[in-house]
Amino acid sequence: MAAVFKTQSSFLKLWGLLAVVLAVAVAVKGNSEGDALYALRRSLSDPGNVLQSWDPNLVNPCTWFHVTCNGDNQVTRVDLGNSKLSGHLVPELGKLDHLQELYKNNIQGTIPKELGNLKSLISLDLYNNNISGTIPTSLGKLKNLVFLRLNDNKLTGPIPRELTSVSSLKVVDVSNNDLCGTIPTSGPFEHIPLNNFEHNPRLEGPELLGLATYDTNCS
């Protein structure tokens, strides 16, 4: 009988230890994602205090407004559209491993190359902002990306050919920018309407594969 009680006690201790390890892992994950989002908050001007709930002292950012999480308390969506925020995106956003959707408004600066680390990202909606610089080639690593809307910004440079390998892409809109070079015609771009590329004065039209380099006079 004593041996049975000893065995039960050992199992209870083991389960207790596993519970502590799991709780610590969740807290560490929450802190990592919370730190990334708080870095974003610090980069933004928030006249309406819509991010007041983004408190770095709270372990779990899933309790913050405008943040959606899955059942495992992992951040999957950040929606700050129509919040009258302004500022720029931060590289720390690349730490949100399970982020599926990112919506922003009144954003300036450039698109951080670290967004290419968001392997779960489905929708990247950064349209109608004041974003400048180039489209990062690292976005070609987003193999689950379906929606890429970068229209109505101040983006320059070519359309990265790395995006042609993202077979999940269904919607690409880069109209109303200052992109240059030619329009990709392979992979998912085969089915993207040409009006999604219009109003880029330096964009030369669809590329002719094998006949011309796509980035001619493009910088």
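## The open sheet

Four strands make up an open sheet, ordered 8-10-12-13 with parallel pairing; strands here are DSSP runs (E, at least two residues) and helices too (H or I, at least four), numbered from the N terminus. Two strands count as paired if DSSP finds at least two bridges between them. The edges are strand 8 (132-134) and strand 13 (202-206), each pairing on one side only. On average, neighbouring strands in this sheet are turned by 30 degrees against each other, direction ignored, going by axes fitted to C-alpha atoms, with angles that run from 0 to 180 degrees between N-to-C directions.

Strand 10 (residues 154-157) runs parallel to strand 12, joined by 2 bridges. Gly157 has Leu179 of strand 12 as its bridge partner.

## About the model

This is a predicted model, where local features need pLDDT of at least 70 and side-chain atom pairs pLDDT 80 or more, while totals for chains, interfaces and linings use all residues. Numbering starts from 1 along each chain as its sequence is written, and side-chain values use heavy atoms, leaving out hydrogens and water.

## Contacts of Leu124

Leu124 touches Leu102, Leu115, Leu139, Leu145, Phe147, Leu148 and Arg149, not counting residues up to four places away in sequence; contact means heavy atoms within 4.5 Å.
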